[in-house]
Amino acid sequence: MYILVAEFPATGGILTSWQFYSVKLLRYVSSYDYFIACCEITFFILFIVFTIQEGIKIKEFKSAYFKSIWNWLELLLLVLYFVAIFFNSYCKIQIFLLLESLLKSTEKYSDYYFLAYWHIFYNNVIAITIFFAWIKIFKFISFNNTMSQLSSTLSRCIKDIVGFAIMFFIILFAYAQLGFLVFGSQVDDFSTFQNSIFAQFRIVLGDFNFAAIQQDNPVLGPIYFITFIFFVFFVLLNIFLAIINYTYSEVKADYSIGRRPDFELGKMIKKSYDNALKKLKLKKPQEDEDNESVKSRDLAERARREGFDENEIQSAEQMKKWKERLEKKYYSTEIQDDYQPVTQQEFRDLFLYAVELEKELHYISLKLNRVMREVSALPY
């Protein structure tokens, strides 16, 4: 499918343009095509399964389900899956109808432009879907310490990055508007407001034409360039790196005292393996550990149903483990001496534990104050 266009403007001459599209009308011909068909059927079945699973989760956790960024990503992927399946089915139905009309009247011209257009749209949807599917891998890479720290760092500093992005784009748009108004009539890189924005990103990356803006305006050109480099390259980018570095240091500190993300792929694989062995009667169930884990999960589920925030539940579980570990080390009955020397790392652990306790006490105090205000507001 191709389109050749020739335009005759009022100023004279001819302006030509062309577009070429390729559409595969006979979709399943070779053995590889039938393999693709099997993959498409499997994809559709998995789409149904994942939709049912997410529906069950939403019904079980209700509003708490939407507090996780990964759950929002799951919903986005399900929507993209549905759109991809819809457009794929639509294209196949239209191809079938066009081939049927083409076989009936072979001398008539068949227009496949709309089919090519929807096929390109379908490819774009597939590209976006695959992109977010790769992003979802971050959820399953917590079996590696380094990758888990990376994902935790990005998720923890997202609020700071959003605030930084607002400040960054305010300055970027201000300089873009300045460049467009000052250099737009003479310099091609600043001919439009959009070109000015892209030109500034190129300046940050080191691709710029300083001679052009200096020649156009010898006074404002150097001032514009120097101030933009100073504020954006030396100030804002270093603030961005400082946000990442500070958050990464916090994450490393948490990992050094035993904190880990809730979902770990290694634990999930080990748990599935143990369950399979137990079902095959190749391994005896450990009743004590199972009862303890079931009790912990039941308490967490009960807390979720009562409206507690996910962060509160995680913090409570972590504080419990932390307290047990520290009490076992520093309050052991075997040690009668009051003086117990600690290392620098142990002092850091105790200090962070004290900070967490202070946060918990402050949070409890706020809740008590809120309850007292509500009680005092009740009519007698």
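What is the volume of the second largest pocket? It comes to about 750 Å³, in a predicted model where local features need pLDDT of at least 70, side-chain atom pairs count only at pLDDT 80 or more, and totals for chains, interfaces and linings use all residues. Residues are numbered from 1 along each chain as its sequence is written, and side-chain values use heavy atoms, with hydrogens and water left out.

Of the 29 residues lining this pocket, Glu-40, Phe-43, Asn-88, Tyr-122 and Ile-126 are the closest to its centre. A pocket is an open set of points on a 1 Å grid over the protein atoms alone, with protein on both sides within 12 Å along at least five of seven lines; a cavity is a set where a 1.4 Å probe fits but cannot get out, and lining residues have an atom within 4 Å of a point. Volumes are the space filled by probe spheres set on the points, which are joined across faces, edges and corners. Helix α1 gives the most to the pocket lining, with 10 residues, while α1, α2 (69-104) and α3 (113-135) each supply at least two. Helices are DSSP runs (H or I, at least four residues), numbered from the N terminus.

Helix α1 (residues 31-61) also holds Ile-52. Ile-52 is partly exposed, at 49% relative accessible area, because that term covers values between buried (under 20%) and exposed (over 50%), with a 1.4 Å probe and protein chains only.

The structure has 1 cavity of 30 Å³ or more. The largest cavity has a volume of about 70 Å³, and α6 (193-204) and α7 (210-216) each supply at least two of its lining residues. The largest share is from α6, with 3 residues.
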